[in-house]
Amino acid sequence: MVRFLRASRTWDWPGVIEHGERLLELGTAPPVAPLPADLLRDAMVVAYIVTGDVEKARKVFDGLAVRSARPLADPRTRLLGAWLRGIEEERGVSPPAAAPR
């Protein structure tokens with residue numbers, strides 16, 4: 001968990017992905033969730049976008065949505081979703097019609 005946070009803080013995107021994947025393996029629901037799902041989702045989606053893996057960014061964004069403590073209208077979630085959709089549109093990838101909740 002500390003390595004993930006350090007990687008996030010220093011914008012070490014490959015590190016965020018490496019340590020974030022390990023955290024995802026532990027689970028995102030209490031009692032095993034070491035971090036809030038929103039923190040994990042935000043950092044991992046940004047890391048995947050920055051490193052060019054839009055498909056994995058979408059998978060993490062949608063997959064962790066069910067664990068989000070934020071309302072759908074939260075500006076942080078909307079901004080991240082809009083950024084992801086914009087990149088998908090640029091690349092001709094069809095995003096899902098609606099993110100699961």
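Axes are lines fitted to C-alpha atoms, for helices over the stretch in contact, and angles run from 0 to 180 degrees between N-to-C directions. Two packed helices are described by the angle between their axes and the distance between the axes. The model is predicted: local features need pLDDT of at least 70, side-chain atom pairs count only at pLDDT 80 or more, and totals for chains, interfaces and linings use all residues. Residues are numbered from 1 along each chain as its sequence is written, and side-chain values use heavy atoms, leaving out hydrogens and water.

The protein chain holds five helices and zero strands. Helices (H or I, at least four residues) and strands (E, at least two) are DSSP runs, numbered from the N terminus. Along the sequence the pattern reads α-α-α-α-α. The chain has 101 residues, and 43% of them count as buried. Buried means under 20% relative accessible area; exposed means over 50%, and partly exposed lies in between (1.4 Å probe, protein chains only). The chain exposes about 6,100 Å². Carbon and sulfur atoms supply 57% of that area. Accessible areas come from the Shrake-Rupley method with a 1.4 Å probe; for residues, only the protein chains shown count as cover. Contact means heavy atoms within 4.5 Å. Among contacts between residues at least 6 apart in sequence, 62% join residues at least 24 apart.

Helix H3 (residues 37-50) packs against H5 at an angle of about 20 degrees. Their axes are 11 Å apart. H3 is therefore roughly parallel to H5. Angles under 35 degrees count as roughly parallel, over 145 as roughly antiparallel, 65 to 115 as roughly perpendicular and the rest as oblique. The crossing of H3 and H5 is left-handed. A crossing is left-handed if the near helix is turned anticlockwise from the far one by less than a right angle, and right-handed if clockwise. H3 contributes Arg41, Asp42, Val45, Val46, Ile49 and Val50 to the contact. H5 contributes Thr77, Leu80, Trp83, Leu84 and Ile87. The residues of this H3-H5 contact divide into eight nonpolar, one polar and two charged. Here Ala, Val, Leu, Ile, Met, Phe, Trp, Tyr, Cys and Pro count as nonpolar, Asp, Glu, Lys and Arg as charged, and the others, Gly among them, as polar.

Helix H4 (residues 54-63) packs against helix H5 (residues 75-90) at about 150 degrees, with the axes 10 Å apart. H4 is therefore roughly antiparallel to H5. H4 passes H5 in a left-handed crossing. On the H4 side, the contact is made by Val54, Ala57, Arg58 and Phe61. On the H5 side, the residues are Thr77, Leu80, Gly81, Leu84, Arg85, Ile87 and Glu88. This H4-H5 contact comprises six nonpolar, two polar and three charged residues.

The axes of H3 and H4 come within 7 Å and cross at roughly 165 degrees. H3 is therefore roughly antiparallel to H4. H3 passes H4 in a left-handed crossing. Arg41, Met44, Val45, Tyr48 and Ile49 of H3 meet Val54, Lys56, Ala57, Val60 and Phe61 of H4. Eight residues of this H3-H4 contact are nonpolar, none is polar and two are charged.

Ala57 lies in helix H4. Ala57 is buried, with a relative accessible area of 0%. Leaving aside residues up to four places away in sequence, Ala57 touches Val45, Tyr48, Ile49 and Leu84. Val45 is 12 residues from Ala57 along the chain, and their C-alpha atoms are separated by 4.6 Å.
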